[in-house]
Amino acid sequence: MTRAEVMSARDPERAHKSYSSFSEALQPLAARMPQVVREREILRLAATLGNADGDRTELVARQEILKWAEKRTGGRLPQGAWMHEEFEHLAGGRNCGAVRIVDDSRDIWAIRADDPDKGVAQRVWTTEAIVGHKPGQRPLLSVRLLVSSPEQELRIEPAVPGLVHQLESKCELYQGIERLDPEPWVIRSEDDVDRLIDTLIDPTRRIPVLVLSVPKLSADPARPLIDPSPIARATLAIAVVVVLPAQFTWVLTERFGKRLSVFGGAVRVYLPGFAEDANPYGGHDLVLADRLSTAEGVANISAWLRRVAATESIRRLRLGQDVLSYAAVRRHSLDATHTRLEQEGASYEEQLTVAQVQIDTLKKDLETANEMMQLLSDDNEAVEIRARSAEAQLTAAGYRIQQLLEQIKTGGETPDASIALPSSWDGFADWCDQNLVGRVLLSPRARREVRAPQFKDVSAAARCLLWLANEYRERRLNGGDGDLRTRIESGIQNDRCGADAFQIDWQGGRAAVDWHIKNGGNTRDPARCLRIYYFWDEASQQVVIASMPTHLRTGAT
């Protein structure tokens with residue numbers, strides 16, 4: 001009997017089944033194959049330990065970390081561990097080990113501990129903690145949380161390891177001069193709001209600020225729609241959780257405008273790099289209160305905030321500089337041991353043993369690096385897919401806007417006819433965001449410039465932007481090249497910049513700004529001289545205002 005006949009006799013239905021692809025044909029085999037376990041990094045953090053007596057603080061920190069690790073191994077750590085010596089403790093999946101580098105310039109101690117997940121099979125959590133210092137400096141702490149699992153998609157709510165809370169309690173943790181607090185920061189005065197604003201716009205800030213506003217009619221003025229305490233504890237050292245009572249939200253609105261503020265029970269994430277001129281659609285995400293009206297909504301947004309903090313920690317902290325890995329410390333430790341044995345004239349057997357450990361370690365590191373590269377490649381592919389989807393949606397939104405404008409015209413009405421023009425610069429950027437979205441966009445520079453310029457005729461500037469949003473944009477969409485020297489209204493015209501042309505950084509590239517709207521006369525008085533410098537962004541099909549409303553000083557002027 002042939003193999004095909006045997007297979008047919010065992011499974012007649014399968015024997016006659018046809019497959020549309022190799023992957024479909026291999027699915028039954030793949031289901032029986034062992035699943036690939038991959039290690040993923042969940043979060044990383046860096047902090048300074050204590051504010052005085054660095055040597056004692058470092059000893060306390062190591063002891064606290066060892067206590068934490070011993071609870072997870074389910075057994076006693078070797079005596080050498082408590083002397084802060086190198087050790088390896090194998091406990092059936094609850095493995096733990098430490099290495100140390102000591103010389104005249106540094107003392108670095110690193111530990112790595114595994115802890116199987118109590119609810120998900122084959123999922124193992126790994127925590128790496130490194131404590132080290134240079135002479136005369138306070139000790140530094142870096143922590144990495146990783147997970148090994150065959151799961152294709154991890155459904156977790158990230159949280160910093162418990163050892164971070166132990167160290168905060170016993171040693172105090174700092175980032176810069178600010179002590180880290182496991183409790184949310186509740187704003188209680190206008191001075192607190194000023195401190196919050198300084199924190200938000202601090203260019204050196206490296207962790208997100210999660211601001212939870214309180215509804216105006218809340219019975220408790222310090223209770224937002226999401227319980228802030230669990231989020232603050234889960235994101236200790238990787239985010240700042242702020243509770244903003246309703247009576248103080250106006251300060252943020254006055255400073256940043258409605259589009260960058262947060263109020264009415266909403267939640268906003270202010271990422272590092274935030275500034276007063278930030279694009280309101282540029283990543284500092286806002287969650288409105290209506291999404292927090294159910295228990296499910298609250299749970300989803302709480303988990304999302306924790307994921308944002310964890311993701312940003314990996315994005316902002318550089319591995320090898322801000323945060324060390326256990327593998328890197330171990331490699332340096334083995335190198336130091338090998339060098340010491342050579343200098344001491346140790347036997348070839350001893351040197352060979354250390355060299356073999358080095359080789360095995362490098363192999364493991366290479367394997368881990370390849371797995372991480374594959375993960376990064378997969379993540380990059382997913383990001384590219386999302387980016388292409390977002391670009392497609394943006395293009396579709398542009399066409400839809402134009403379609404609606406055409407329908408308005410067909411109905412005999414004029415687009416934007418009912419829009420009330422602003423009479424002051426206060427809220428001008430918000431007016432643009434609300435009425436010109438998808439057609440005219442203020443660059444960060446222009447957002448700064450329209451906060452409180454000297455130019456008096458605000459409504460004239462607004463009418464010019466409406467002209468760009470309608471007549472000019474329609475010309476570009478219909479195939480025009482933008483060469484539109486024309487009179488917009490009495491005393492105001494659209495013209496080339498000439499010698500005043502310049503370039504700006506835009507969307508990862510450079511954009512030429514060689515057109516502007518200007519008023520008549522030869523005055524350079526900033527109260528009367530109007531200049532709106534702009535360019536056409538083909539990708540988003542909208543006009544980008546590079547600078548307004550006054551004349552720029554360039555090489556020509």
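Strands here are DSSP runs of E with at least two residues, numbered from the N terminus. The model is predicted.

**Backbone exceptions**

Most residues other than glycine have a negative phi, and most peptide bonds are trans. P549 is involved in an exception: the peptide bond from M548 to P549 is cis, with omega near 5°. Two further exceptions concern phi. H84 has a positive phi, near 65°, and is not a glycine. Q541 also has a positive value, near 55°, in a residue other than glycine. H84 is in the loop between α5 (79-82) and β2 (87-89). Q541 is in the loop between β20 (531-537) and β21.

Are these residues buried or exposed? The cut-off for buried is under 20% relative accessible area. H84 has 7% relative accessibility, so H84 counts as buried. Q541 has 12%, so Q541 counts as buried too.

| Residue | Relative accessibility | State |
|---|---|---|
| E58 | 3% | buried |
| H84 | 7% | buried |
| Q541 | 12% | buried |

**A buried glutamate**

E58 belongs to helix α4 (residues 54-73). E58 counts as buried because its relative accessibility is 3%. Which side chain makes a polar contact with that of E58? The partner is H133, at 2.6 Å. Beyond neighbours within four places in sequence, E58 is in contact with D107, V131, G132, H133 and P139.

In β10, V209, V211 and S213 point one way. L210 and L212 point the other way. How many residues of β10 (residues 209-213) are buried? The count is 5 of 5.

β10 pairs with two strands. With β12 (residues 267-270) there are 4 bridges, and the strands run antiparallel. Within that pairing, V209 stands opposite Y270. With β11 (residues 240-244) there are 5 bridges, and the strands run parallel. Here L210 has V241 as its bridge partner. The chain passes from β10 through helix α8 (residues 228-234) to β11, a right-handed β-α-β crossover.

**Helix α7**

Helix α7 (residues 190-200) has D192, V193, L196, I197 and L200 buried. Viewed down the axis of α7, the buried residues fall within an arc of 145°, so they line one face of the helix. What covers them? The cover includes β9 (185-186), β10, β11, α9 (249-256) and β12.

**Nonpolar cores**

The largest nonpolar core has 55 residues. I111, L167 and I226 have the most contacts inside this core. Its largest share, 6 residues, comes from helix α10 (residues 295-316). Setting aside neighbours within four places in sequence, L167 is in contact with L49, A61, E64, I65, L141, E172 and L173. A second core is separate and has 35 residues. Among its members are A429, V450, F455 and W536.

Key:
Residues are numbered from 1 along each chain as its sequence is written. This is a predicted model: local features need pLDDT of at least 70, side-chain atom pairs count only at pLDDT 80 or more; totals for chains, interfaces and linings use all residues. Side-chain values use heavy atoms; hydrogens and water are left out. Buried means under 20% relative accessible area, exposed over 50%, partly exposed in between (1.4 Å probe, protein chains only). A polar contact is a pair of N or O atoms within 3.5 Å; within protein, one must be able to donate a hydrogen and the other to accept it, and residues adjacent in sequence count only if both atoms are side-chain atoms. Contact means heavy atoms within 4.5 Å. Two strands pair if DSSP finds at least two bridges between them. A crossover is right-handed if, with the strands pointing away from the viewer, the path from the first strand over the helix to the second runs clockwise. The arc is that of the directions from the helix axis to the C-beta atoms. A nonpolar core is a set of buried Ala, Val, Leu, Ile, Met, Phe, Trp, Tyr and Cys residues joined through side-chain atoms within 4.5 Å.
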